[in-house]
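Please look over the sequence and the model below before reading on.

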Amino acid sequence: MHIAEGFLPAGHALGWTLAAAPFVAHGARAVVKEVRENPEATLLLGAAGAFTFVLSAIKLPSVTGSSSHPTGTGPGAILFRPPVMALLGTVVLLFQALLLAHGGLTTLGANAFAFAVVGPWAGYGAYRLTRAAGAGLLPAVFTGVALADLATYVTTSLQLALAFPDASTGLAGALAKFLGVFAVTQIPLAIGEGLLGVLLFRVLTVNARPELERLGVLQPAAVPATTGGAA
Amino acid sequence: MTGLAVDQAAWGSAWRGRSPGDKLLLCAGLVGCALLLPAWPGSVLVGLAAVALALGPARVPARTFGRAIRWPLAFIAIGALTAVVAVGDGGIGWAPDAAERAGSLVGRAVAGSAAVLLLATTTPMSDLLPELRRLRVPAAVVEVAGVTYRLVFVLLESLGTIREAQAARMGWSSPRRSYRSAGVLAAAVLTRSWDRARRMQDGLAGRGMETGLRVLPDALPSSRPFVALALALPAAITALTLVAR
């Protein structure tokens, strides 16, 4: 659900660009610092961006019988943290606008605010809270990924409602309209992407445990204590 | 996949050798007209100009352009219809100026999308990324974006191959199996992307990479006649729109 080029009035497009700019600039500073200290991070961050783009190309079966595409920012926020996702998400949105005609350039700021800022922060916050409440990795991943999707959908609906308030009921009526219309696809997608996140992390905990430990998603496995003395 | 088709169109376009800055100027002018001028006749003129330039001098395949513009159309249609529906005490109805507002919204969005697509189908991303440096985007960020662009195609190929293998084993024959296959597919693509990045890093370290991934971009000089067109076309559309109003 990307806002298409030219859909937002110029003032709104500019306003959302200014709102997203500090978060994207913060992400860019984090990336510049990381690359300066650790030059090989360029390739790993590029790989993370490419993965986020490609994740959106995976088709998930939908309850409506058709298929839908994940946003990819929820798993990215858990793996790479929200500041990095603010930048990588914006880069991915730029690529989607220019390689897939999804979204646009004047609406890049609005889409970045919803997809690359609010979604990852909401998802990561929900993931950390669920973990802090004592839940295991997989329930926390489901909560985080699904909530990242839902937060993105609510933010995009709010952006559209602010731009096009209802003639009689104003912002509240417009928000209800946009939330209602896009709920048909976005709520099943949020649940579907949450399930995809669980399946993804379940495979990763088996096949890529060292990477998850390096990224801080999993605690390093305790080394079994050796019993003294030779048998 | 349409993404590859747009990129292929950009590499094969007759405007591939033109300066990306010149093309950015032209498309920015057209997008500005679509956004700021009255939809009638401004957006119609912008849309016609973008399509005529893409299919004419830029020689973008009509099928590629048509297929790519379909994607935003679904959002534009649903969004515009929702915007002009009025919700009140008497239930749901049309806003008083529904047809005019919907027409204006659809016109602006289709014209803007066509102008951006003109840029996308004539300029490969590898030509546009160096332009970001001129906008003072840090070199490290442009390098990350460059690696992302190059790896996207490698990973899409892996995605296609793995998905084909899963489909051959009935991995996508039911919703339950589809979800399981999608999870395995995503994990395989992620671990392959890490593996690729590590192998590229080892290769570059062996060649003494210390100060970043420096590449020599193609020299694509600016053309005065093209810059004149990029300035004159939006100016002409603005003048025609204002006269017609």
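Through how many residues does a hairpin join β1(B) to β2(B)? In this predicted model, the hairpin that links β1(B) to β2(B) passes through two residues. The strands themselves, β1 at residues 85-88 and β2 at residues 91-94 of chain B, pair in the antiparallel sense over four bridges, and Gly88(B) stands opposite Gly91(B) of β2(B).

Chain B has a radius of gyration of 23 Å, whereas a compact globule of 245 residues would have one near 18 Å, and its C-alpha trace spans about 65 × 55 × 30 Å along the principal axes. Chain B is divided into domain 1 (2-123 + 219-244) and domain 2 (130-206), and the centres of these two domains, taken over C-alpha atoms, are separated by 30 Å. Buried residues make up 41% of the 245 residues in chain B, and among its contacts between residues at least 6 apart in sequence, 77% join residues at least 24 apart.

Chain A, for its part, contains eight helices and two strands, and from the N terminus on its elements run α-α-β-β-α-α-α-α-α-α. The radius of gyration of chain A is 19 Å, close to the 17 Å that the globule rule gives for 231 residues, so chain A is as compact as a globular protein of that length. Along its principal axes the C-alpha trace of chain A spans about 85 × 40 × 30 Å. Buried residues account for 58% of the 231 residues in chain A, and 69% of the contacts between residues at least 6 apart in sequence join residues that are at least 24 apart.

Turning to where the chains meet, the contact takes 61 residues from chain A and 70 residues from chain B. On the side of chain A that touches chain B, α1 (10-37), α2 (41-55), β1 (60-61), α4 and α7 (170-207) each supply at least two residues, and α7(A) gives the most, with 13 residues. The residues on this side of chain A divide into 43 nonpolar, twelve polar and six charged.

α4(A) is followed by Ala101(A), which is found in the loop between α4 and α5 (108-132) of chain A. Phi of Ala101(A) is near 60°, a positive value in a residue other than glycine. With 28 C-beta neighbours inside 10 Å, Ala101(A) counts as buried, the cut-off for that class being 20 or more.

The largest nonpolar core has 150 residues, and those touching the most other members are Phe95(A), Leu30(B), Val46(B), Ala50(B), Ala115(B) and Ala186(B). Domain 1 and domain 2 of chain B both give residues to this core, so it lies between them. Ala50(B) is in contact with Leu30(B), Ala114(B), Ala115(B) and Leu118(B), leaving aside its neighbours within four places in sequence.

Gly112(B) is found in helix α5 (residues 98-120) of chain B and is buried, with 32 other C-beta atoms within 10 Å. Not counting residues up to four places away in sequence, Gly112(B) touches Glu5(A), Gly6(A), Gly104(A) and Thr106(A) from chain A, together with Val31(B), Ala34(B) and Leu35(B). Although Gly112(B) and Leu35(B) are 77 residues apart along the chain, their C-alpha atoms are separated by 7.2 Å.

Two backbone details of chain B remain. The peptide bond from Trp40(B) to Pro41(B) is cis, with omega near 0°, and Pro41(B) is found in helix α3 (residues 39-55) of chain B. Arg59(B) is found in the loop between α3 and α4 (62-84) of chain B and has phi near 50°, a positive value in a residue other than glycine. Arg59(B), with 15 C-beta neighbours inside 10 Å, counts as partly exposed.

Technical notes. Residues numbered from 1 in each chain as written. Chains lettered and ligands numbered in written order. Predicted model: local features only at pLDDT ≥ 70, side-chain atom pairs only at ≥ 80, totals over all residues. Pairing = 2+ DSSP bridges. Core = buried A, V, L, I, M, F, W, Y, C linked by C-beta atoms within 7 Å. Buried ≥ 20, exposed ≤ 12 C-beta atoms within 10 Å, placed from the backbone. Domains from an automatic or database assignment. Contact = placed C-beta atoms within 7 Å. Nonpolar A, V, L, I, M, F, W, Y, C, P; charged D, E, K, R; others polar. Rg over C-alpha atoms; globule rule 2.2 N^0.38 Å.
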